Amino acid sequence: CKLPKSSVHPNDQCWVVISRDRDMEFLVARGQELYRLSEDRQITMLEIDITHKYHIVLGMAVSFNTKHIALLTDAGYLWMGSSDLTKKYCEVDTEICSTLSQMVWCGNEAVVLFFGDKRNLLIVGKHGEMMSFTYDGLVHLVEEVDGVRVISSAQHELVQKVPEVVQKIFRINSTEPGSFLLEASKQFQKRSHRADEYISLVKDNLQVAVEQCIRAAGYEFDTEVQKMLIRASQFGKCFVANIDADEYVKMCRELRVLNTIRNRKIGIPLTYTQLHCQGYEVLLDRLVASHHYYLAIEIAKYLKMPDKNGTSRILAHWAKYKVSKHGVNDEILSRQIADKLGYAPSISFSDIANAAVSAGRTTLAIKLLEYESKASEQVQLLLKLEEYRQALIKALESGDTDQSYKVILKSRDKMSNIDFKGMLQEFPVALSLYIKFCREYNSVSLRDILKLPDDHNALGLLSVVESLDKERRLDQNALLWSAINSYKACRNDLCVSLCEDQLKLLVKQKTFDEKYLTSFADLSVHDTCRKLLNLNHLKEAEKFKTEFKIPDKRYWWLRIQSMADNNRWEELDQFAKSKKSPIGYAPFVDVCLEKVNVSPDTGTVKRLIQVFLTRVNDEIKVKYYVKANYLEDAAKIAYEQRDIQSLLYVQSKCPSQSDLSEQINVYISQLGAKKGAPSSIPLFN
């Protein structure tokens, strides 16, 4: 979005960003005009309650919490109010009309201005109070959450509002519990009886007094004042029953940490408020960035931080720093890092190895990966380094099939064919996995890879499978010959014989195709013979049966089924009379019963059923009569065979209370009277 055209341009200090929850807006001052720019690109001109006359706004600043704003005009007046410009706090004449170098808020209570040409630092409170300081040279202001840092070429100062709890304790003639407790502690150190008098004044508010002294100690930079306040809180605790000492202990720990990092050798002058705003982890990060690893570890241990966020994280940073520096032997350095870090699960050696790779120390990275507990991380980096053999070893040792496949396929794509095959030959498990992969997804490469272990059986099987592929029908003979040669190489005589029979069958089927002008392709020996019978080429079928050694029983089944399927019933009758059936006559009955209701010659079929039933073996004759629904004949035969169990079977198929059922009861009674007990013959199913 663009501001309205004007000859006046805003300077660098005349715009600020204001964030509220999820919204953000810009305030821009140009001359006497003030504009609000919103995220939806809306521009609004604002009016400010400024009473003095001015021409332009020299600078703007927004408070740390974005709730307050300050504007400085060329007339030397400072206007302070709410960031939405609806409320005015004050309008102060600074009496300085000079070049403004910087203007920032000191926390949320005051504004700090520095005028470079006059070397003047001015502090203005929200209610119009002012303080002025003069410096010898230029300074830079850094806004903080609870104050402003004033940094010059010679010193570093902190300007902040005195915390309220500190004011309560150290204010002249203060009557706060903390102030009395501090005085009681001082008198106690002097062994004066007046300590008891001061304790008596706050005996009802001793817990409040202790808490005030503890909190005030956190805001102090002077270690002697800190000790004085901590002694006072410790003294007061003795007079309070069941007081929780956790805050006292925590403050002592944090003060020790703050005093340590404020040392000139460390140079991180944090305040108590800043420590809590940024957290312990950020403090450790700052120490690590300054390479104070030992101190960071000691602080993490002292504050009892979890290893994941404390010691382990610092050691990982230390290790990355060490590998980035050249000059130490890779073997020695890897051992040093491993000894220092150990096998802690929260430390990732792969991250350290990555840092070594970035530093150009590939050998060191590989050595460090030996200590990585996660195989996936090892494999990933080794592949990145193109150490395919080492990556394959790690993947196979892990037992993770997915990782093994990942390495194998990546190696296949990146390595030469000779090197890839050579690597697979070294690792039989990897070779087996790749063969399995090729069977599923890459049959073109399968034959080539099977030659590596001289697996002739697998090569033969591959040729047989490929010969059954309809798309490769023209190569069937060649593929079968290839299979025969492979099986001969491994002396698999059975498979050689089967392949030769299949070749013979293919030749026969091709002859039948040309001779009978119909396709015999993809048919088995059984189906080929059945098709010849269906075409009524009996002599050819007999010859085929002899050549391929089809058993007589199977051939009779094929003949019977073929004649029934083609309704050649007279031929079936003659065939049954021609010679004794090797499969009995039950199959003749079965095919007739199957076709009796669909055949155009139903009468002939029924006649043949009666003929064939008489020739069925006695053991199953009753069953087949029942199957053909000749129940009376079945009952008579069972009676003649003196078989009570068969009579009961026939009776189970009769309607209850029928004449036949009564007759069967008579038969059973007669046989029972003669034998005295029923015979035990199995029931029919």
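Me: Not counting residues up to four places away in sequence, which residues does lysine 545 touch?
Reply: This is a predicted model, so take the contacts as those of a prediction. Lysine 545 lies in helix H23, which covers residues 538-547. Leaving out residues up to four places away in sequence, the partners of lysine 545 are Ile550, Asp552 and Tyr555.

Me: Is that lysine 545 buried or exposed?
Reply: Buried means under 20% relative accessible area. Lysine 545 has a relative accessible area of 13%, so this residue of the protein counts as buried.

Me: How are H24 and H25 oriented to each other, roughly?
Reply: Helix H24 runs over residues 552-565 and helix H25 over residues 569-578, and their axes are 8 Å apart. The two pack at an angle of about 155°. Angles over 145 degrees count as roughly antiparallel, so H24 and H25 are roughly antiparallel.

Me: And what is the hand of the crossing of H24 and H25, left or right?
Reply: H24 and H25 pack with an angle of about 155° between them. Their crossing is left-handed.

Me: By class, what residues make up the contact of H24 with H25?
Reply: H24 brings Trp556, Arg559, Ile560, Met563 and Ala564, while H25 brings Trp569, Glu571, Leu572 and Phe575. Sorted by class, that contact has seven nonpolar, no polar and two charged residues.

Me: Where does leucine 182 sit, and is it buried or exposed?
Reply: Leucine 182 is found in helix H2, residues 177-189. Its relative accessibility is 4%, and the cut-off for buried is under 20%, so leucine 182 is buried.

Me: What is the C-alpha to C-alpha distance between leucine 182 and isoleucine 169?
Reply: Setting aside residues up to four places away in sequence, leucine 182 touches Ile169, Phe170, Met228, Leu229 and Ala232. Leucine 182 and isoleucine 169 are 13 residues apart in sequence, and in space their C-alpha atoms are apart by 7.9 Å.

Me: Which residues touch isoleucine 337, leaving aside its neighbours within four places in sequence?
Reply: The largest nonpolar core has 90 residues, and isoleucine 337 is one of those touching the most other members. With neighbours within four places in sequence left aside, isoleucine 337 is in contact with Trp318, Ala319, Val323, Gly342, Phe349 and Leu368.

Me: How many residues are in the second, separate core?
Reply: Ala576, Ile609, Val622 and Ala635 are among its members. That second core is separate and has 42 residues.

Me: What share of the protein's residues count as buried?
Reply: The protein has 31 helices and 15 strands. Of its 685 residues, the share that counts as buried is 44%.

Note on methods. Residues are numbered from 1 along each chain as its sequence is written. This is a predicted model: local features need pLDDT of at least 70, side-chain atom pairs count only at pLDDT 80 or more; totals for chains, interfaces and linings use all residues. Side-chain values use heavy atoms; hydrogens and water are left out. Axes are lines fitted to C-alpha atoms, for helices over the stretch in contact, and angles run from 0 to 180 degrees between N-to-C directions. Helices (H or I, at least four residues) and strands (E, at least two) are DSSP runs, numbered from the N terminus. Angles under 35 degrees count as roughly parallel, over 145 as roughly antiparallel, 65 to 115 as roughly perpendicular and the rest as oblique. A crossing is left-handed if the near helix is turned anticlockwise from the far one by less than a right angle, and right-handed if clockwise. Contact means heavy atoms within 4.5 Å. Ala, Val, Leu, Ile, Met, Phe, Trp, Tyr, Cys and Pro count as nonpolar, Asp, Glu, Lys and Arg as charged, and the others, Gly among them, as polar. A nonpolar core is a set of buried Ala, Val, Leu, Ile, Met, Phe, Trp, Tyr and Cys residues joined through side-chain atoms within 4.5 Å. Buried means under 20% relative accessible area, exposed over 50%, partly exposed in between (1.4 Å probe, protein chains only).
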